[in-house]
Amino acid sequence: MILRILVTIAALAGMAASTNAAPLAKELFGAHNQGSRQKSAAYGSYSRGCAAGSVQLPETGPTWQAMRLSRNRNWGHPETIDYIQDLSRFAAKQPGWDGLYIGDISQPRGGPMLSGHRSHQIGLDIDIWMRPASKLNLSRRNRENISSISMRRAEGAFVNANWTPQHQEILKAAAKDRRVARIFVFPGAKVEMCKNAKGNRKWLRKIRPWWGHHYHFHVRLSCPKGVRGCVNQDPPPKGDGCAEAQQWVNNILNPPPPKPRDPNAPAPKKRREYILSDLPQQCAAVLQSQ
């Protein structure tokens, strides 16, 4: 009996060692500098997946520039690249804007990133700078050193003087595109747009408040039609979401008292880093593709 227990313990220890020895998924995906030679597809969810056949957004276009080129995160599904180009053309028509500065999209094959985002894993997330793109001839060095501009005041309860009607028009156009699932901005921006929106307000439903997102707004596209294995996020709640955004602002200005902590509750577990087996099975083929 004792021998059997010892053998079981040894086996479990071996399994644990094997799991710990597996390379992290972010290291595997971060090592690739080109997309896979496969049909374009998104596998898994925005925070747990990968991307096949990704397309690279050109570093500079007539109405956009990709920023922070050293990260090599200007890759996405072809529909994502088309969306960026379409929205940038609209932005270029706004006073003071020549187009858009584009931040992170995804790595060449998606997957978990070496640093930063938990999402942006399937080539359908886009960070778009709030800074008006007034110059589209920035050098690679400029694009590493220039920063976006914060739009928030009072910890995100309100917009500041950098916010303009053009920001609202660009976000409105971004949200009205049928390809978009939702857009994340800081709470004060959502409330400001709710105050100023005229006519049909349906587009506001897709604008969702979230922490941060005052230097950029985050566009999330729905899974493209016909792409199997791509998991959409649940749709936003019905309505324009303005009351919910106002509650976020109220909580910033008057934070609710913290909930008492149960002294007997176990300490929260640290989020485990993904290994390849945690991702959809298609992701192994994405990595292996030439």
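Residues are numbered from 1 along each chain as its sequence is written, and side-chain values use heavy atoms, with hydrogens and water left out. Because the model is predicted, local features need pLDDT of at least 70 and side-chain atom pairs count only at pLDDT 80 or more, whereas totals for chains, interfaces and linings use all residues.

**Aromatic pairs**

- The structure holds three aromatic pairs, where rings of Phe, Tyr and Trp (its six-membered ring) pair if their centres lie within 6.5 Å, with planes under 30 degrees apart counted as stacked, over 60 as edge-to-face and the rest as tilted.
- One of these is formed by Y101 and W129, whose ring centres are 6.1 Å apart and whose planes stand at 80 degrees, so the pair is edge-to-face.
- This pair links distant parts of the chain, since Y101 belongs to strand 7 (residues 100–102) and W129 to strand 8 (residues 125–129), 28 residues apart; helices (H or I, at least four residues) and strands (E, at least two) are DSSP runs, numbered from the N terminus.
- Y101 is buried, with a relative accessible area of 2%, and W129 is buried as well, at 8%; buried means under 20% relative accessible area, exposed over 50%, and partly exposed in between (1.4 Å probe, protein chains only).
- W210 and W248 form a tilted aromatic pair, with 5.8 Å from centre to centre and 50 degrees between the planes.
- W210 lies in the loop between strand 12 (207–209) and strand 13 (216–221), while W248 lies in helix 7 (residues 242–253), so the pair ties together parts that are 38 residues apart in sequence.
- W210 is partly exposed, at 45% relative accessibility, and together with W211 and W248 W210 forms one aromatic cluster.

**A charge over a ring**

- R220 lies over the face of Y46, at 4.3 Å from the ring centre; a charge sits over a ring if NZ of Lys or CZ of Arg is within 6 Å of the ring centre and within 35 degrees of the ring normal.

- Y83, in helix 3 (residues 78–91), is buried at 1% relative accessibility.
- Not counting residues up to four places away in sequence, Y83 touches I126, A174, D177, R179, V180, V219 and L221, where contact means heavy atoms within 4.5 Å.
- The C-alpha atoms of Y83 and L221 are separated by 9.0 Å, although the two residues are 138 residues apart along the chain.
- Q166, in helix 5 (residues 165–176), is buried at 19% relative accessibility, and, leaving aside neighbours within four places in sequence, Q166 is in contact with Q94, P95 and W97.
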